[in-house]
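Let's walk through this structure together, one piece at a time. Have the chains open in your viewer and follow along.

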Amino acid sequence: MQFFLEVFIGGLLAGMLYALVALGFVLIFKASGVLNFAQGAMVFFAALTFVGFSDRLARWFGASPDASPVFWAALALTAAAMVLLAWVVERFMLRKLVNQPAITLFMATIGLSYLIEGVAQGTWGAAVHGLDLGIADEPVMWLLERYNLMISKFDLSAAVVAGVLVAVLALFFQYTKVGRALRAVADDHQAALSVGIPLQRIWVIVWAVAGFVAIVAGLVWGARNGVQFALTYTALKALPVLILGGLTSVPGAIVGGLIIGASEKLAEVYLGPYVGGGIDSWFPYVLALVFLLIRPEGLFGEKHIDRV
Amino acid sequence: MIYREAGQFKASYEEDQQIFPIKQDRIVMAALVVAAFFVAPFVASEYWLQAVLTPVLVFALAALGLNILTGYAGQLSLGTGAFMAVGAYATYNFLLRLDGLPFLAGLVLGGLSAAAVGVVFGLPSLRIKGFYLAMATLAAQFFIVWALTKFPWFSNYSSSGIISAQRIEILGFAFDTPARKYLLTLAIVSLLALAAKNLARTNTGRSWMAVRDMDVAAEVIGIPLMKTKLLAFAVSSFYCGIAGGLYAYTYLGTVEPDGFGLDLSFKILFMIIIGGMGSVLGAFLGAAFILLLPVGLNVLMHTSVGVLVPATLASNLELIVFGVLIVFFLIVEPHGLTRLWQIGKEKLRLWPFPH
């Protein structure tokens with residue numbers, strides 16, 4: 001039971017990390033109907049840009065790369081880079097592809113992911129960087145002593161960060177003017193345009209927000225596994241979360257992440273040994289598929305009604 | 001002046017229903033086929049046959065398979081690579097375990113195995129649509145590659161699932177040189193392309209297109225959805241399976257499960273988007289474009305830019321240019337190369353007059 005709980009909670013925390021990446025997908029899909037495959041590349045780009053800036057800044061000012069002014073400066077510069085990226089994407093890609101079928105847009109984002117990967121590696125080099133956020137990957141002592149549970153402090157902090165981010169996004173969507181405009185655009189592009197909402201600016205904002213989410217995801221994942229090309233594969237981890245939760249739902253991304261994270265870890269521990277392990281590459285997809293057979297739009301997705 | 005159908009009268013139903021109703025089209029096609037069969041093997045160097053022409057044909061076949069599913073029947077799939085893997089590994093196992101089985105029979109059995117797997121993974125399409133279905137096909141992609149790596153029986157207990165294709169022999173004639181392998185590939189691909197071209201014009205093909213355009217409406221006018229969708233998955237996977245078999249036997253010779261990963265599926269999806277959805281010609285144009293683009297870029301980068309910048313930067317530049325070209329192409333011509341071809345033909349029909 002002890003072990004089961006540990007695996008279960010570890011899975012839930014890992015699931016929050018998946019949800020973090022899935023969130024970026026959901027934001028963009030809601031507002032522009034684009035399934036943005038480049039989200040993984042954006043996570044990679046964000047993490048690499050952050051590490052690159054903090055290295056350079058530290059060298060210029062002679063400070064240690066872990067000093068907090070360097071951290072915040074690098075964070076601000078990375079955020080600026082993500083806004084710039086969002087602007088470029090809107091100006092040179094989305095604007096030209098208005099009214100194209102969804103699959104064309106999807107393919108365009110795959111092309112975009114090549115572009116972002118090339119730019120990221122061309123600018124900052126392809127070497128693997130370490131990233132230290134100052135949170136050690138050690139068990140939480142309090143839980144270990146009281147309940148004898150091994151829960152990683154790092155995972156817990158990351159999950160808290162993810163939770164806070166979701167709460168902030170939810171408030172942003174619910175109560176700000178821009179948030180209302182975003183929801184209007186998500187509801188109906190044409191109606192939003194006709195009441196004077198600047199569609200193109202909204203798209204830039206959404207892509208920038210997805211970029212900020214990518215920064216958070218990139219920092220957390222980068223600190224966990226190192227900042228390297230493999231970060232782009234986080235997109236593949238997020239896709240089953242996304243379809244399980246529903247492509248258009250922010251809470252769906254979180255719930256989906258928790259379900260996928262927990263069941264993936266449990267399956268790997270209890271089912272994996274019987275079939276030779278390594279099942280985490282496909283298990284989330286099959287699980288999501290089973291859920292889809294019951295609810296074809298995901299758990300929280302918008303119900304689609306076909307009319308002839 | 002040269003490309004005009006004036007004076008070509010259709011005097012019978014057969015003439016009216018030809019695949020290429022215009023005489024000039026027939027001449028061009030015939031010339032192309034003759035050139036591909038009788039000129040290319042003698043003119044092209046071994047490198048070209050082995051590394052360019054054969055893979056273009058193999059990938060065109062795979063793209064054709066995906067085009068049947070996505071372009072004609074409207075079911076988006078990201079599992080093409082996996083279905084090719086099933087074809088390759090099934091062909092290998094049939095030839096290995098059934099003594100004296102002719103190569104072509106093994107290839108067809110491989111294709112049929114892929115079709116069976118395709119139908120199983122196509123079952124969710126009855127309930128799931130659009131991007132949700134695309135993600136469901138990812139389940140097939142990851143599961144099949146994992147299974148081929150994990151269960152050594154599939155690869156006859158070789159290390160990390162690598163299989164080496166057996167010698168191809170048909171009626172005692174060995175297909176062992178690049179030119180012979182190319183001819184074998186060409187013959188199979190031409191036959192299947194002809195079949196696909198015809199299939200698209202039959203009742204089945206038209207039901208696929210009806211389902212693609214709107215499946216509820218198709219059901220209302222009496223098209224059995226289940227049969228039509230599953231048939232699309234079966235035929236498409238059969239084509240992909242055969243393509244996988246050829247990929248292993250006539251192109252690479254040695255393949256491993258990871259070679260059939262998601263990248264391959266995306267590559268083939270690129271081919272049908274760039275080539276043109278719902279068109280047989282598009283599969284060929286797209287395959288040629290996507291395969292030759294990196295080669296061309298590589299040559300360009302390493303001859304002109306390569307002397308100025310280090311190799312790693314050059315390969316990143318290649319990545320960037322590839323991405324930009326894909327996006328650019330989708331913006332400029334979202335209907336693909338086929339559409340450009342059609343526009344060209346229309347212009348040629350009127351030439352030298354503007355209207």
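**Helices, chains and their contacts**

In chain A, helix H10 (residues 234–245) packs against helix H11 (residues 250–270) at an angle of about 120 degrees, and their axes are 8 Å apart. Axes here are lines fitted to C-alpha atoms, for helices over the stretch in contact, and angles run from 0 to 180 degrees between N-to-C directions. That angle makes H10(A) oblique to H11(A); under 35 degrees counts as roughly parallel, over 145 as roughly antiparallel, 65 to 115 as roughly perpendicular and the rest as oblique. Helices (H or I, at least four residues) and strands (E, at least two) are DSSP runs, numbered from the N terminus.

A word on the model: it is predicted, with local features needing pLDDT of at least 70 and side-chain atom pairs counting only at pLDDT 80 or more, while totals for chains, interfaces and linings use all residues. Residues are numbered from 1 along each chain as its sequence is written, and chains are lettered from A and ligands numbered from 1 in the order in which they are written.

Back to our pair: A:Pro240, A:Val241, A:Leu242, A:Leu244 and A:Gly245 of H10(A) meet residues of H11(A) that include A:Gly252, A:Ala253 and A:Ile260. Contact means that the C-beta atoms of two residues, placed from the backbone, lie within 7 Å. Ala, Val, Leu, Ile, Met, Phe, Trp, Tyr, Cys and Pro count as nonpolar, Asp, Glu, Lys and Arg as charged, and the others, Gly among them, as polar.

Now look across to the other chain. The contact between the chains takes 38 residues from chain A and 36 residues from chain B. On the chain B side, H13(B) gives the most, with 13 residues. That side divides into 31 nonpolar, three polar and two charged residues.

One helix pair spans the two chains: helix H4 (residues 102–124) of chain A and H11(B) pack at about 125 degrees, with axes 11 Å apart. H4(A) and H11(B) are therefore oblique to each other. A:Thr104, A:Met107 and A:Ile110 of H4(A) make this contact with B:Phe266, B:Leu269, B:Phe270 and B:Ile273 of H11(B). Its residues are six nonpolar, one polar and no charged.

Finally, step back to chain B as a whole. Its secondary structure comes to 14 helices and four strands, and its C-alpha trace spans about 65 × 60 × 45 Å along the principal axes.
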